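Before reading on, please take a moment to look over the sequence and the model together. The paragraphs below go through a pair of helices, then some pairs of charged side chains, and then the confidence of the prediction.

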Amino acid sequence: MLGGLWIARNVNQVRAVMVSGASLLLALSIWLTVYFIQQRQAGNTDVMLLTYSIDWFKPLNIAYAVGVDGISVVMLLLSSIIVFTGTFASWQLKPLTKEYFLWFTLLSTGVYGFFISIDMFTMFMFYEVALIPMYLLIGVWGSGHKEYSAMKLTLMLMGGSALLIIGILGIYYFSGATTMNVVEIAKLHAIAPGVQKVFFPFIFIGFGVLGALFPFHTWSPDGHASAPTAVSMLHAGVLMKLGGYGCFRVAMYLLPEAAQELSWIFLILTTISVVYGAFSACVQTDLKYINAYSSVSHCGLVLFALLMMTRTACTGAILQMLSHGLMTALFFALIGMIYGRTHTRDIRRLGGLMKIMPFLSVGYVIAGLANLGLPGFSGFIAEMSIFVGSFENNDVFHRTATIIACTSIVVTAVYILRVVGKILFQDVADKHYLELTDATWDERVAVICLIFCVAGLGLVPLWAQNVISDAVGPILEVIK
């Protein structure tokens, strides 16, 4: 009995430490966002703010160099929101609660470090720190074919890492720079176009693997389906955004001529990702697989928009990263809560949940409407910016690709409305479901926070659009 009390007290202490840390990081991210906006309004036009650099390994000119621009700021804010809500979504997780939160914190650390890094090696190091915990978090605390999913995810992302290190070393060597600082290398314009064409695929595919670039996306659905709830939230909501961020910040920014020459190849692949992911979601019966393939489609839109290389489209791409991160985190949180009660994610075995758990059901409806781009939610402004910006390219190829990608909007509406109608509004599928309870207080905190953010970004998007657009401009000036 005493042992049980000690364990319970220990678990409560772990939860208290975790939620305190997550709350502090969220508060700091909000402060950083407000500070950044104030600096821009005051006329501070520096490319990066709050920069800091110290030599780390002088023989290879590696420095611990950090700083933030508008893209980094919104990604840090997104990460903090997902970590905060993911903590509450994991409130009841057992066993090994302390160990779980330890690895979850390490994963979060890698994400934060990646978004503030402006040295390529530092960025790569944090990228690896973010990937390693995923294996244990899925393999130990996951469900279903968790060992297979964890190994598949790790091997494919490590394959992308191998391509990245080749590309990073190629950029450093052929740029003639005495630093790995991304901003400093971009100023040199010293890499020959022929060399850029060699290394651009290494960087773009290396990051694109994490961004669910077709045909390197196959790790994503299995990883999402097997991961515990909060890990799925962080995985789809933030970790996949490292791919789009890296493609834009490193591949396209440092290898601009190659980006222009080779963009058509990757534009075809991203268009396939967008349409293929949407149609694949239509034929799934597992709630997590539906959302996982939806993430492939929406993350494909991010890379698609970046490759269009217009200011409106690229701003929309970053908005889509922010919007999708919030929406998919809300989806995975709700799916995990429903699964924890019904012990199934099969839509054929679910029904009538609106009568049984109205709070979770209403949350699911809101997440679905945001996902299909209903005006008033974050998905609408992001997708409109992407498609309008993409259509600014006045040629047949780009406009045809845009029209094809637009079909994903219709397909998304099909699978969202199909699932909502099936699991929420049909007759109760199992009489035992009538004994189930609605959301607990900790689950309500996570859901309400995410709904507030999704609706808030949709209703008041201008602040984010301005912050992002100001950061996108200098990068596009180099690319174009």
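In this predicted model, helix H3, which covers residues 97–116, and helix H9, which covers residues 229–239, have axes that come within 12 Å of each other and cross at roughly 5°. Because angles under 35 degrees count as roughly parallel, H3 and H9 are described as roughly parallel to each other. On the side of H3, the residues that take part in the contact are Tyr 100, Phe 104, Leu 107, Ser 108, Val 111 and Phe 115, and they meet Ala 230, Val 231, Leu 234, Val 238 and Leu 239 of H9. Sorted by type, the residues of this contact between H3 and H9 comprise ten nonpolar and one polar, with no charged residue.

Charged side chains come into view elsewhere, and the count of salt bridges in the model comes to seven. One of them joins Lys 152 and Asp 222, with 2.9 Å from N to O. Since Lys 152 belongs to helix H5 (residues 146–175) and Asp 222 to helix H8 (residues 219–226), this pair ties together parts that are 70 residues apart in sequence. Both partners, Lys 152 and Asp 222, are buried.

A salt bridge is also formed by Asp 286 and Arg 345, whose closest N and O atoms are 3.1 Å apart. Here the link is between loops in distant parts of the chain, for Asp 286 sits between helix H11 (256–282) and helix H12 (287–308), whereas Arg 345 sits between helix H13 (311–342) and helix H14 (353–356), 59 residues apart. Asp 286 has a relative accessible area of 18% and is therefore buried, and Arg 345, with a relative accessible area of 12%, is buried as well.

Are the partners in the salt bridge of Arg 348 and Asp 346 buried or exposed? The side chains of Arg 348 and Asp 346 meet at 2.9 Å, N to O; Arg 348 is exposed, with a relative accessible area of 58%, while Asp 346 is buried, with a relative accessible area of 17%.

For the chain, the mean pLDDT is 86, and 98% of the residues reach 70 or more. Where pLDDT is low, predicted coordinates should not be read in detail.

Notes: Residues numbered from 1 in each chain as written. Predicted model: local features only at pLDDT ≥ 70, side-chain atom pairs only at ≥ 80, totals over all residues. Heavy atoms only, no water. pLDDT = per-residue confidence, 0-100. Axes fitted to C-alpha atoms, helices over the stretch in contact; angles between N-to-C directions. Helix = DSSP H or I, 4+ residues; strand = E, 2+ residues; numbered from the N terminus. Parallel < 35°, antiparallel > 145°, perpendicular 65-115°, else oblique. Contact = heavy atoms within 4.5 Å. Nonpolar A, V, L, I, M, F, W, Y, C, P; charged D, E, K, R; others polar. Salt bridge = Lys/Arg side-chain N within 4 Å of Asp/Glu carboxyl O. Buried < 20%, exposed > 50% of the residue type's maximum accessible area, 1.4 Å probe, protein only.
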